[in-house]
Amino acid sequence: MGVLDLLPHCVSGVYFLYHSDFEQWHFGKLSALREAALALKGGYQYYYMGYYIHSCTKMRYKGDYSPQHVLDPETYDWNPLDGKLRALLDKKSYVSMSRERRREEAKPGVADARETTAEASEQEGEDATSDYPLPTAAKGGAAVSGGMSLFDLKVPGLMTADEIEEQLDLGTMPIKIRGQDAEAQDLVSWETSDMRNPRSTKGIIAELVACRPIKNLPESITVSSDASAAQIYQEIAKASKFAIHRLRVTKGSDGSSIPNGADLTVHDTGVRNKSAVDVKDLGPQISWRTVFIVEYLGPLLIHPLMYFGRPYIYGTRAPASDLQKLTLLMCVIHFAKREFETLFVHRFSSATMPIRNVYKNSGYYWIISGLNLAYWTYGPNSPAAGPSNPILTYTGVALFAIGEICNYITHITLKNLRRPGSTDRGIPQGLGFNLVTCPNYMFEAIAWIGVALVNWSLSTVIFIILAVGQMGAWAWKKERRYRREFGDKYKKKRYAILPGIW
């Protein structure tokens, strides 16, 4: 007797039973063939053979049919039941191919292989559940009572310490002290506290923030499986009367984020009927486009103001040198181009970011590339105030022009990877993308090296070092994301921003 679920898109084999006297006839295999034929005849898209337990002899026959795919328990991606997956299942009681790929990416390079061979082989034999040393609520609760931080438990739906640092301004969280309003950062021990120490002031507040509830959050919402994932956010925001961009929604099963996008259906996210989702408040948000406009507007205005205000700032009536005029022109062109790209070129994967970023980003651009660079460039004692070296000047102008033009071309390439109004991504191809992960950053560094050759200012060199350091961190983060998101389709890069260097 066979028990089947006939779903809109698939035939799902639930159970099949027969008397053991007929075992020699392999009725399980016959039922699989009959069910597959039913799926074909009925026009179904998929045939699900049910659970697959690799160590169970009565279930291993399912792997004899191909092409056969097994669902990843963490990302809900389908992976072929091939030799690699079978080998892992032979060694481990729990296997997630997405986790294995992340481990593979984290392995050391060839140069370090000899030193870590024993360690790597030891790790390969570990069960994947070793990442969760306290998998049960009882053990986790006892560990927390004993002093373990909630962040070390990796609880699905709980914001991680890194996410709190990136997305929230924890220091400005309002608190009440003896009936008076204050901010967390006003506490004496705030700066010396460690967020990952559950007994520290910052650790206590961070854990409360990570778990804080949203008022009026509904117990459940109803959305169609064919609806866009954005509908989940819309329904939650509507019911809770909460700003949609302040919401962070993750799957209760594995803690992975559900994107707020129109190009992905609810079914595609892995959410099913009666699935649990966790909702967190990200705090006050501001649009990415607004942040970009504000941060670039500072240096775009500061450089002309400092240049034309030379008599008042430096107390000199001497005319500006050709190099100072050229530096002004290059800086204005660069930041005007940035504003143009923000308004007409860039397509952002996220609509908003924490509002504190507008202060952090603007402070960096306004001070380092604005006041710092302008003050030390346009003064009468600046190296740029002297005569130019034609070879260096022409080389600098050429590098600046090449860097800006190529940077713009790569931004157009990245723009065309994403459809208007969507957050989907593709693998970038084109100018520079075969050399490094982020050639747009590489070309921007080249443009600023051109500026440094023109004005010969230490302030420009300092800005370049800081900018390349930050862009390099972003580039490597993007490289890891590309590897995780596209898998074998993506050609791994050895260098993220500077060929042969970093």
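# Helix packing, sheets and aromatic pairs in a predicted model

Reader: Let's start with α11 and α13: how do their axes cross, and within what distance do they come?
Author: The axes of helix α11 (residues 322-344) and helix α13 (residues 390-416) cross at roughly 0° and come within 12 Å. Axes here are lines fitted to C-alpha atoms, for helices over the stretch in contact, and angles run from 0 to 180 degrees between N-to-C directions. Helices (H or I, at least four residues) and strands (E, at least two) are DSSP runs, numbered from the N terminus. This is a predicted model, in which local features need pLDDT of at least 70, side-chain atom pairs count only at pLDDT 80 or more, and totals for chains, interfaces and linings use all residues. Residues are numbered from 1 along each chain as its sequence is written, and side-chain values use heavy atoms, with hydrogens and water left out.

Reader: And what does that make α11 relative to α13?
Author: The crossing makes α11 roughly parallel to α13 (angles under 35 degrees count as roughly parallel, over 145 as roughly antiparallel, 65 to 115 as roughly perpendicular and the rest as oblique).

Reader: Which residues make the contact?
Author: From α11 they include Leu323, Met330, Phe340 and Phe344, and from α13 they include Val397, Phe400, Tyr408 and Lys415, where contact means heavy atoms within 4.5 Å. The residues of this contact of α11 with α13 divide into nine nonpolar, five polar and four charged (Ala, Val, Leu, Ile, Met, Phe, Trp, Tyr, Cys and Pro count as nonpolar, Asp, Glu, Lys and Arg as charged, and the others, Gly among them, as polar).

Reader: Switching to the sheet with β1, what is the strand order?
Author: Three strands form an open sheet in the order β1-β2-β3, with mixed pairing; two strands pair if DSSP finds at least two bridges between them. β1 (2-6) and β3 (46-48) stand at the edges with a single partner strand each, so one side of each is left without a neighbour in the sheet. From one strand to the next, the twist averages 20°.

Reader: How many bridges join β2 to β3, and what packs on the sheet?
Author: Strand β2 (residues 10-16) and β3 run parallel and are joined by three bridges, with Ser12 opposite Tyr48 in β3. Helix α1 (residues 27-41) packs on the sheet and touches β1, β2 and β3, its direction making about 160° with that of β2.

Reader: What about β8, is it buried or exposed?
Author: Five of the five residues of strand β8 (residues 247-251) are buried, so β8 is largely enclosed by the rest of the structure (buried means under 20% relative accessible area, exposed over 50%, partly exposed in between, with a 1.4 Å probe and protein chains only). Leu247, Val249 and Lys251 lie on one side and Arg248 and Thr250 on the other, and both faces are covered. Five bridges join β8 to strand β9 (residues 277-281) in an antiparallel run, and Thr250 stands opposite Asp278 in β9.

Reader: How many aromatic pairs does a search of the whole structure find?
Author: The search finds 22; rings of Phe, Tyr and Trp (its six-membered ring) pair if their centres lie within 6.5 Å, and planes under 30 degrees apart count as stacked, over 60 as edge-to-face and the rest as tilted. Phe22 and Phe27 have ring centres 6.2 Å apart and planes at 20°, so the pair is stacked. Tyr307 and Tyr378 form an edge-to-face pair, 5.7 Å centre to centre with 85° between the planes.

Reader: Where do those two tyrosines sit?
Author: Tyr307 is in helix α9 (residues 288-308) and Tyr378 in helix α12 (residues 356-378), 71 residues apart, and both Tyr307 and Tyr378 are buried.
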